[in-house]
Amino acid sequence: RTTFNATASSLERASQWQRVLALFHDHRYTKEGIDVVGFSVAISACAGVAAWGRALALLTDMRFAGLVPNAVSFNATITACGRATRQTQAMDLLLEMRLTEVQPSLVSFGAALSACE
C-alpha cells in the first residue's frame with residue numbers, strides 16, 4: 001500500500017488525475033487493496049479537476065470496501081463539490097461528517113462555502 005499511496009500522491013500533486021484513477025483501479029482488487037489514504041488521494045485527484053461525481057462515487061466505494069472515511073476523505077470530496085459549485089452535495093457532506101462523528105475543520109467549511117459562490 002505504501003508504494004501505491006506514494007506513487008498516487010506524486011501523480012496527484014502533478015495534476016495527473018486520470019493516471020491516479022487508472023492506478024487506483026489497477027490496485028483496487030489486489031491482495032493489498034486500497035486503504036483510506038489511497039482512497040483519499042484518488043478523491044483529491046478528482047477534486048483538482050472538479051470531478052465531483054467521481055469523488056462522491058469513490059467516497060461511497062470506500063464505505064463498501066469496509067473503510068471509514070476520515071476528515072481528509074470528506075474534505076477532498078467537499079472540495080470537489082465546491083469547485084463544481086455543487087452546493088447541496090457539499091452541505092450534505094458537512095452534515096454527514098457530523099453524523100459520523102468526523103469533526104469538520106476550517107478546511108471543511110471553507111470548501112463548502114466555495115460551493116455557494
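Predicted model: local features only at pLDDT ≥ 70, side-chain atom pairs only at ≥ 80, totals over all residues.
Helix 1 covers residues 2-13. Its 12 residues reach 16 Å from the first C-alpha to the last, close to the 16 Å expected at 1.5 Å a residue. The buried residues in helix 1 are Phe 4, Asn 5, Ala 8, Ser 9 and Leu 11. Looking down the axis of helix 1, these buried residues fall within an arc of 165 degrees, so they line one face of the helix. They pack against helix 2 (17-28) and helix 3 (36-48). The face turned away from that buried side carries Thr 2, Thr 3 and Arg 13, which are exposed.

Most residues other than glycine have a negative phi. The phi of Ser 15, in contrast, is positive, near 60 degrees, and the residue is not a glycine. With a relative accessible area of 58%, Ser 15 is exposed.

Helix 3 has 13 residues and spans 18 Å between its first and last C-alpha, close to the 18 Å expected at 1.5 Å a residue. This helix is mostly covered, with 10 of its 13 residues buried. Among the buried ones are Val 36, Ser 40, Ile 43 and Ala 47. What provides the cover? Helix 1, helix 2, helix 4 and helix 5 are included in what covers the buried residues of helix 3.

The next pairing is that of helix 3 with helix 4. The axes of these two helices come within 8 Å and cross at roughly 170 degrees, which means that helix 3 is roughly antiparallel to helix 4. On the helix 3 side, Val 36, Phe 39, Ser 40, Ala 42, Ile 43 and Cys 46 are involved. They meet Arg 54, Ala 55, Leu 58, Leu 59, Asp 61 and Met 62 in helix 4.

Leu 58 counts as buried because its relative accessibility is 5%, below the 20% cut-off. Apart from its neighbours within four places in sequence, Leu 58 is in contact with Leu 21, Phe 24, Phe 39, Ala 42, Ile 43 and Cys 46. Val 37 lies 21 residues from Leu 58 in sequence and 12 Å away in space, C-alpha to C-alpha.

Helix 5 takes in residues 71-83 and contains Thr 79. At 19% relative accessibility, Thr 79 also counts as buried, because buried means under 20%. Neighbours within four places in sequence left aside, Thr 79 is in contact with Ala 47 and Ala 111. Ala 47 is one of the buried residues of helix 3.

The loop between helix 5 and helix 6 holds Thr 85. Its phi is positive, about 50 degrees, although Thr 85 is not a glycine. Thr 85 is partly exposed, with a relative accessible area of 48%.

Helix 6, residues 87-99, has 13 residues and reaches 19 Å from first C-alpha to last, close to the 18 Å expected at 1.5 Å a residue. Ala 90, Leu 93, Leu 94 and Met 97 are its buried residues. Seen down the axis of helix 6, they fall within an arc of 100 degrees, so they line one face of the helix. Those buried residues pack against helix 4, helix 5 and helix 7 (106-114). On the other side of helix 6, Thr 88, Arg 98 and Leu 99 are exposed. Just after helix 6, Glu 101 has a positive phi of about 60 degrees.

Note on methods
Residues numbered from 1 in each chain as written. Heavy atoms only, no water. Buried < 20%, exposed > 50% of the residue type's maximum accessible area, 1.4 Å probe, protein only. Contact = heavy atoms within 4.5 Å. Helix = DSSP H or I, 4+ residues; strand = E, 2+ residues; numbered from the N terminus. Expected span 1.5 Å × (residues − 1). Arc of directions from axis to C-beta. Axes fitted to C-alpha atoms, helices over the stretch in contact; angles between N-to-C directions. Parallel < 35°, antiparallel > 145°, perpendicular 65-115°, else oblique.
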